[in-house]
Amino acid sequence: MNWKRASIAAATAAPVIALFAWGLTRDPNSIPSPLPGREAPTFALAVFAPGQGDLARPVGDTVRLDALRGKVVVLNFWASWCLACRDEHEVLSEVARGYAGKPVQFLGVLYNDVPDKGTAWIAEMGGQSYPSVDDPGARVAIDYGLYGVPETFFLDASGRVAYKYTGPVTAGIVRLKVDSLMAAAQPATPTAPAAAPAEAAGPANKTGSDK
Amino acid sequence: MTRLLASNAILVAAAITALGAFLMPFAVRRGRRDWLMLGYAAVYTNFVLVTVATLALVWGLVSHDFSIAYVAQVGSRATPTFYTIISLWGALEGSIVFWAWVLAMYGAAVVWFNRNREGNLVPYAALTLLVVSLFFHVLLIGPANPFGAVFPVPFDGPGPNPLLQNHILMGVHPPLLYLGYVGMTVPFAFAVGAMLSGEVASDDWIRLTRRWTVASWGFLTAAIIAGMWWSYEVLGWGGYWAWDPVENASFIPWLTATAYLHSVMVQERRGMLKLWNLNLMVGTFVLTILGTFLTRSGIISSVHAFTTGTIGYFFLAFIGIVLIAALFMVAGNSDRLASDGKLDVPVSRETAFLLQNLFFTAFMFTVLIGTLFPLVAEAARGVKVSVGEPFFNKMSLPLMVALLFLMGVGPALPWRKAAGPELKGRLLPGIVLGVLMLVAVIVAGGRSVYAMLAFLFAGFALGVNLQEFVRGANARVKAHGESWPMALVRLVAGNRRRYSGYVAHIGVVLVAVGVAASSTFKKEQEATLKPGETVTVAGKTLRFKSAWGRQERQREVIGATMELMDGDRVIGTIEPRMNYYPTSQQPVPTPDVRSGWTGDIYLNLMAFKQDGSNVTVKVIWEPLVPWIWIGGLVLCLGAILGAWPTGDRPATRTAGAPALREGAA
């Protein structure tokens, strides 16, 4: 038995095992987005589903992202063929209603779908409180590096992407992000510490999005 | 009741394997044969207990006993019995049960056949088998326990994943894969036994496990081909191989095992490559565990992903132990593994084997690195990158072409000495056939260099390997005056090992031709058709007759009836379908394939109008694809010829065991 050679050989296993151990702590399906912290890609898209009450915008109206400066924007990419979108639909409508009158804009972006189907889906789901725009040719989806639906982007008042969420959102997450971004938009006060965008930009990944 | 029986069987099996593994080293050290027999008894008892647990789980599935966690997870009353039984391996926990059972079976069989051999090789091999078994028991008690209790007991379950109950090959591919994968534990256990017992310099461990290795290799080969067939028949994209991590996980150990089957002949003949062969066999086992780890732990993203939990950490720990122990033992024993012989002449059978091993190893590293690349890239640079088909195709094509060439040259070269003038005669049929196939591929419009080389060398290898049969049989006809078919049978029977290899080579050629032709000459088209309209692809005309729907017990089926036309005459119908399972919103595409000698017409239903007024179908002409499956069968035939047990089992060194003689008689 050559102990020295044996020990050296056995030691070579260490980096391999270390690599796998590290790999286990990662989620292979997460696709990190380079967008958080950067200027949000702008767009001008036409509304196809108006939304309800105070949040409504007329069908055919063009939503320009530039015009939303000063507001926190929640951009939710969805499709009528997307199953996980059904899970978050109610949540988003509900939370959006709660921010009526505040400087927050919820906006649905239809992905890889036709507006007729989108409208029918909204009706089937019992309505949507905020407007949705169509994204023909998925141009905006490409700008945002969409991997699947649903994905939700939170833009701060200065028009930067603060946070991206993959998969169906929960009410808690949406409120947390929107509140912190609204607080950051106001001059800092002792009671409302400003959350830096970078802090909110940690990757959150959930499975359950449709690719 | 069933649940308790099964889970207790596993608990007891775990305790007994642990005891047996603990006892074995003492039995060997103290030379206590009675303790040794107890250790062997642990191996057999383990098999009995795991069989009980496996049968209990199958019974739980069949009797819809939803109080068992696994049954509640994959069972449903609407699923046909066949798919209910085979859902044993349809999800993580059940597949580990099945794995443990196959392993216990192999262990019991190989120990039983070698129980009377003196020396410490078999006891240490049994120890290794017990330790590996124990690991799977730990999985079954811990992170992959299928026997958890469900309360309140649901009345019905969701049924297996729709993709896993949509084709009969689900009953074929996984068990073959496990038989092949797990079977590699046997030669590994004997390699470890050889190292621990100090018998590593002798070839005994190789001779004792030769048939087991060939059989496992045959199962693995059959499993890979059946997996290709399954993906072809089920997934609807018209392909059979996508370099997905799970496919690679089965292919990587196959490459090292194939290299081993060849290089081991150099050791037996010439006493060379001992250390190398030990490395290949130990490596093959490590790679099977690594492949399982990669696909079960969720460390690499794959379409085949199993549900994951903490099982990854258990596998990691096991891989760590196996890898460290293996490297330690192999390197520690390397001094004893010096070659007895040396390479005499540069162009001989040995050289062909060396090159073959070089290419197979390079192939293995290529696939391994490609598979692990996403992990390495993220660790090194923090970026998400994965390498896809282009990488694998680009890297593997030259290797495949070179291997086809070697497969033609190798059998014609003599051992030890330089090739004499008779070489020309042995190569000539191959050269003729190769050139003919090259001309054929050029006439057919193939312009890629690799396609041309693949056909040229495939023809060459086919010619040379066939020639070996013809020459040998002719010699017998002349010498013994036998009839030609009789001469052929006796030729093969008289040297089954050698000719089984040539049969396998012919199988590989057929697979290679099918793969090369279908990747070069595939034609596809999508068409939206109203009833009566036709679409023509590669000269085959199909007419859309009607769309239909029907309710089956466990699913809803929408189908399109397409008629294959010859002029105005209908010569056949093809019915691609979409199956809707209640647990899945997405339909499961169910393509229909019409096979002929020259290729497949492959139809997939893409979309349909609810009222049946039109359908969209994808039509693919897949030239020579059936030859891949035929080649797979020929490969299996080769493996069966090579592994079939006969009376001429290699004599063990101890002839003083009467039981063995009786058993072998």
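This is a predicted model: local features need pLDDT of at least 70, side-chain atom pairs count only at pLDDT 80 or more; totals for chains, interfaces and linings use all residues.
**Confidence in chain A**

The mean pLDDT of chain A is 83, and 86% of the residues score at least 70.

| Element of chain A | Residues | Mean pLDDT |
|---|---|---|
| Strand S5 (highest) | 132-134 | 95 |
| Strand S8 (lowest) | 204-205 | 42 |

Over residues 189-211 of chain A the pLDDT is below 50, and this stretch has 50 contacts in the model beyond near neighbours in sequence.

**Nonpolar cores**

The largest nonpolar core holds 200 residues. Those that touch the most other members are B:Ala100, B:Ala126, B:Ala191, B:Leu404, B:Ala454, B:Ala458 and B:Ala512. Helix H9 of chain B (residues 204-234) supplies the largest share of this core, with 18 residues. When residues up to four places away in sequence are not counted, B:Ala454 touches B:Val401, B:Leu404, B:Ala512 and B:Ala516. A second, separate core has 48 residues, among them A:Phe48, A:Val109, A:Leu146 and A:Leu155. In soluble globular proteins, nonpolar side chains tend to be buried together.

B:Val625 lies in helix H19 of chain B, which covers residues 625-643. B:Val625 counts as buried because 27 other C-beta atoms lie within 10 Å, where the cut-off is 20 or more. Apart from neighbours within four places in sequence, B:Val625 is in contact with B:Gly514, B:Ser518, B:Gly599 and B:Asp600. From B:Val625 to B:Ser519 the C-alpha to C-alpha distance is 9.6 Å, although 106 residues separate the two in sequence.

Terms used
Residues are numbered from 1 along each chain as its sequence is written. Chains are lettered from A and ligands numbered from 1 in the order in which they are written. Helices (H or I, at least four residues) and strands (E, at least two) are DSSP runs, numbered from the N terminus. A residue is buried if 20 or more other C-beta atoms lie within 10 Å of its own, exposed if 12 or fewer, and partly exposed in between; C-beta atoms are placed from the backbone. Two residues are in contact if their C-beta atoms, placed from the backbone, lie within 7 Å. A nonpolar core is a set of buried Ala, Val, Leu, Ile, Met, Phe, Trp, Tyr and Cys residues joined through C-beta atoms within 7 Å. pLDDT is the predictor's confidence in each residue, from 0 to 100.
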